Amino acid sequence: MGLLLNRRRSGTIGSSSSLMALGVFVGTGNGQAGSSSLATTFKTTTGANITTAQTFLPWNASTGLGGNGWAYLISSTCLSSWMSPYSGTPYQMIICIPMVCLDSGGSPQNTLATGAAGSQNSYWTSIATNLIAEGFSNAIIRLGWEFDGSGYYPWQITNSTTAASFAAYWIQIVNTMRAVSGANFTFCWSPAGFGATVLSQAVVQAAYPGSSYVDSITLDLYDWSWDGSIFSGGSPGNTCTVGQSNAVFASSKTQTIGLNWLVSFATAQSKPFGLAEASPTIRNDGHGLGDDPTFVNNIYSWITSTGATVMYWFSGPYDGSANFNLVGGSFPNSLAAFEADFG
């Protein structure tokens with residue numbers, strides 16, 4: 001236990017009196033489909049007061065999850081297949097919903113600009129209606145997540161023009177979903193941030209739709225690195241020292257869209273903030289820091305020192321390129337740190 005730098009004290013994060021939303025995404029190994037039973041296993045294993053579960057809705061037939069494009073996403077059958085496993089569970093849901101869908105050939109069926117013009121509004125009425133029918137009228141909606149990531153998703157912004165379209169489309173979506181009878185959704189604005197964006201702060205902030213349309217602001221944070229000043233050749237080789245992990249975390253604060261920016265920007269908007277995804281990683285290419293309890297401790301310290309109130313852990317299984325499964329046996333020291341800090 002000598003590596004556990006910041007042990008949790010009773011009555012703070014993870015306890016029944018926690019001031020923050022502590023949640024998890026635990027994938028099934030089938031694309032980005034979440035699992036309520038695995039979320040419960042994560043909760044039981046770690047002893048953490050997990051109150052929120054995250055899942056991702058499909059945008060692309062290549063996910064191998066059946067159907068494709070808007071026709072599938074807006075169907076009640078689709079929403080039921082993805083969301084019914086969470087019906088009747090105690091979890092507040094955070095649902096990641098795409099803003100651009102692809103057809104069976106992989107081509108976009110819309111753009112941010114057409115969405116900004118209102119062309120997809122009927123789809124969002126259907127999505128809201130179906131979510132309410134499934135019992136998720138109070139879900140947190142994480143629209144167009146990681147929109148600043150280079151090459152990540154078809155709703156990526158690339159410049160100030162596409163950023164403005166993203167913001168205008170977001171407003172169309174929020175107004176449309178709020179207008180559906182019974183809706184009580186909240187909305188999470190969620191750039192990828194550290195390690196993903198190559199855009200300026202001005203461009204990313206141009207995608208912000210205004211505080212009337214946003215309820216929380218988050219980034220994602222994983223312990224990977226290509227930094228040759230920290231690791232020989234720029235590759236951690238899925239292992240690190242405490243000092244190397246601290247150096248990577250320090251870099252995550254000072255990046256253009258990093259943790260310092262998050263605190264400053266969210267505070268200026270008077271919005272709750274935190275992390276929508278976070279995990280130690282073992283990557284096929286070696287750029288993960290591996291079983292890294294220092295990373296877990298540093299996240300805990302950052303949360304407690306900044307007043308962050310959102311923390312959604314990402315504990316997906318091996319996805320063909322990386323392992324994020326905190327409770328799967330590959331991260332024993334990180335798991336012990338998580339249990340001590342958040343349990």
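The ten-membered lining of the largest cavity in this predicted model divides into seven nonpolar residues, two polar and one charged. Here Ala, Val, Leu, Ile, Met, Phe, Trp, Tyr, Cys and Pro count as nonpolar, Asp, Glu, Lys and Arg as charged, and the others, Gly among them, as polar. The lining residues are Phe194, Leu221, Tyr222, Asp223, Ser245, Val248, Phe249, Ser252, Leu289 and Phe295. Helix α8 (242–254) gives the largest share of them, four residues, and both β6 and α8 supply at least two. The volume of this cavity is about 40 Å³, and the structure holds three cavities of 30 Å³ or more. A cavity, on a 1 Å grid over the protein atoms alone, is a set of points where a 1.4 Å probe fits but cannot get out, and lining residues have an atom within 4 Å of a point. Grid points are joined across faces, edges and corners, and a volume is the space filled by probe spheres set on the points.

A word on the ground rules: residues are numbered from 1 along each chain as its sequence is written, and side-chain values use heavy atoms, with hydrogens and water left out. In this predicted model, local features need pLDDT of at least 70 and side-chain atom pairs count only at pLDDT 80 or more, while totals for chains, interfaces and linings use all residues.

Now to the strands. Eight of them form a closed barrel in the order β1-β2-β3-β4-β5-β6-β7-β9, with parallel pairing. From one strand to the next, the twist averages 25 degrees. Helices (H or I, at least four residues) and strands (E, at least two) are DSSP runs, numbered from the N terminus, and two strands pair if DSSP finds at least two bridges between them.

| Pair | Bridges | Bridge partners |
|---|---|---|
| β1 (residues 21–25) and β2 | two | Val24 and Ala53 |
| β2 (residues 52–56) and β3 | five | Ala53 and Met93 |
| β3 and β4 (residues 140–143) | four | Ile97 and Leu143 |

Strand β3 (residues 92–97) is mostly covered, with five of its six residues buried, that is, under 20% relative accessible area with a 1.4 Å probe, protein chains only.

Helix α10 (residues 293–306) lies across β6, β7 and β9 (310–314), at about 175 degrees to β7. Axes are lines fitted to C-alpha atoms, for helices over the stretch in contact, and angles run from 0 to 180 degrees between N-to-C directions; contact means heavy atoms within 4.5 Å.

Methods
Buried means under 20% relative accessible area, exposed over 50%, partly exposed in between (1.4 Å probe, protein chains only). On a 1 Å grid over the protein atoms alone, a cavity is a set of points where a 1.4 Å probe fits but cannot get out, and a pocket is an open set with protein on both sides within 12 Å along at least five of seven lines; lining residues have an atom within 4 Å of a point.
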